[in-house]
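Trainee: I would like to learn how to read a structure feature by feature. Where shall we begin?

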Amino acid sequence: MQAFGTLRQISTGGVPAPLLSEVSLDHSQEILIGREPSCQIALNPNLYTVVSRRHVLLRPQGQGWEVVDLGSANGTFINGQRLQGSKILQSGDRLTLGDNGPSFSFELQSADQSALPNPDPYKPIASQANPNSNLTLSQLFPIAGTGKDLSQKAYLVPGILTVVFVVLMFATIGEPGLFNLLLGTYIAGAAYYYIYQLCGKRKAWWIIIGSGLLTALMLITPVVDLFIFIFRVVLPGGIDEEGNIINLFIGMFFGAGLMEEILKAIPIFCAMAIGDRFASPRRERVGVSEPLDGILLGTASAVGFTLIETLGQYVPNIVNEVSLQVDAGTGELLGLQLLIPRVLGSVAGHMAYSGYFGYFIGLSVLKPSKRWTILIVGCLTSSVLHALWNTVGAFSGILLAVVGVFSYAFLAAAILKARVLSPNRAENFATRIAK
């Protein structure tokens, strides 16, 4: 005797949309669920963003049905357990698309128990047709019903930090040095958080902050003097701004690009050594086991470099120079005007170069047999981008913008490729919005 199956959406996953009535499963037809309009159960692509375009397939198998995950970005869960490949559904199973996404209940009935097929299987349930008919406490007081979503999905921590920085900046009005430090730190943190979200891999914050602090420490100790001696005295890195463009590029390559990219890469190699002392999964959180790790730590190192270089060199220099020529107020204003674009522009500057080199460092871990080739290509490429930026900046603002766009494009491409190569791609939170 042939059995009949029914599928009913029992949860929208927080999406404000009416629930669907029961869908009758016919043994002569497969059921595709996803955001594509061609799916038999097509979910609103603008609302159900955790669902892939072609997320899951239900197909007849013997007297029952088999569910097959189609390589969805956020996974398929049966009774809370992530589906690996396919599984035969049992009566009463709960099928969930993505992490906390829409859920369906599956029921299996014999022929004499089943009802007639639903003539309009996608008609909203009457009790849910008007979602505004009932008034709940969480609707009146939304904060009472958000739970952990408030911190995980609503950017609560960044919001708290923003408020803290705003209060501190109010408190330091009239103290240009402290105000610039707070503003620069906040802008750099926001720029880094943008890259962090693009990467989509969770990393221990102490190792991220430590990467930036280590780079900053090297810049205020004799370590940087050793680098300057090697790259600007021993090697042809003496900056000759009066020479022709070829000499200028060579000087910038050795004296800025190669020197600074190797210096900023030191925290990545340190994290790699620290991570080797731990077993997985802790190694994943603190060490370097893939390209995403290298990008996250490289860009964090660049934040420390940018803040020290900007707040310790460029801003004080212009403030002092203008204050002597005009007045202190004008000098402080121009210092602030220089601070903002230098720190914000690090996304297409120091963060782009160091993050790109970090990709290659992480890639060398995945492919140890080609390690030196990978590291040399990454170091030279990032150094060339860095040198180009410094070189064209002396000639043309338009060329400077072009190089900046290219640098960011190189970093963004590295992030996308790193997400594809990641051994933990299924856990990547940056891939949830699309398959």
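Mentor: Start at Val-234, which is found in helix α6 (residues 222–234). Helices (H or I, at least four residues) and strands (E, at least two) are DSSP runs, numbered from the N terminus. This is a predicted model: local features need pLDDT of at least 70, side-chain atom pairs count only at pLDDT 80 or more, and totals for chains, interfaces and linings use all residues. Residues are numbered from 1 along each chain as its sequence is written, and side-chain values use heavy atoms, with hydrogens and water left out.

Trainee: Is Val-234 buried or exposed?

Mentor: Buried means under 20% relative accessible area, exposed over 50%, partly exposed in between (1.4 Å probe, protein chains only). Val-234 has a relative accessible area of 55%, so the residue is exposed.

Trainee: How many helices and strands does the protein chain have?

Mentor: The secondary structure comes to 13 helices and 11 strands. Buried residues make up 41% of the 435 residues.

Trainee: In what order do the five strands of the open sheet come?

Mentor: Strands of a sheet pair through backbone hydrogen bonds, either parallel or antiparallel. Two strands pair if DSSP finds at least two bridges between them. The order here is β4-β3-β5-β6-β9, with mixed pairing. β4 and β9 (86–88) each have a single partner strand, so one side of each is left without a neighbour in the sheet. Strand β3 (residues 31–34) pairs with β4 in the parallel sense over two bridges. Gly-34 stands opposite Ala-42 in β4.

Trainee: Which residues does Arg-54 touch?

Mentor: Contact means heavy atoms within 4.5 Å. Not counting residues up to four places away in sequence, Arg-54 touches Leu-32, Ile-33, Glu-36 and Leu-70. Arg-54 sits in the loop between β4 (41–42) and β5 (56–61). Its relative accessible area is 41%, so Arg-54 is partly exposed.

Trainee: What is the phi of Asn-79?

Mentor: Most residues other than glycine have a negative phi. Phi of Asn-79 is near 55°, a positive value. Asn-79 lies in the loop between β7 (76–78) and β8 (81–82).

Trainee: Which side chains meet Lys-201 in salt bridges?

Mentor: A salt bridge is a side-chain nitrogen of Lys or Arg within 4 Å of a carboxyl oxygen of Asp or Glu. Lys-201 forms one with Glu-284, the closest N and O atoms being 3.2 Å apart. That pair links distant parts of the chain: Lys-201 is in the loop between α4 (176–199) and α5 (205–219), Glu-284 in helix α8 (residues 282–286), 83 residues apart. The side chains of Asp-293 and Lys-201 also meet in a salt bridge (2.8 Å, N to O). Here Asp-293 is in helix α9 (residues 291–325), 92 residues apart from Lys-201. Asp-293 and Lys-201 are buried.

Trainee: Which residues are linked with Lys-201 in a network of salt bridges?

Mentor: Lys-203, Glu-284, Glu-290 and Asp-293 are linked with Lys-201. The structure holds eight salt bridges.
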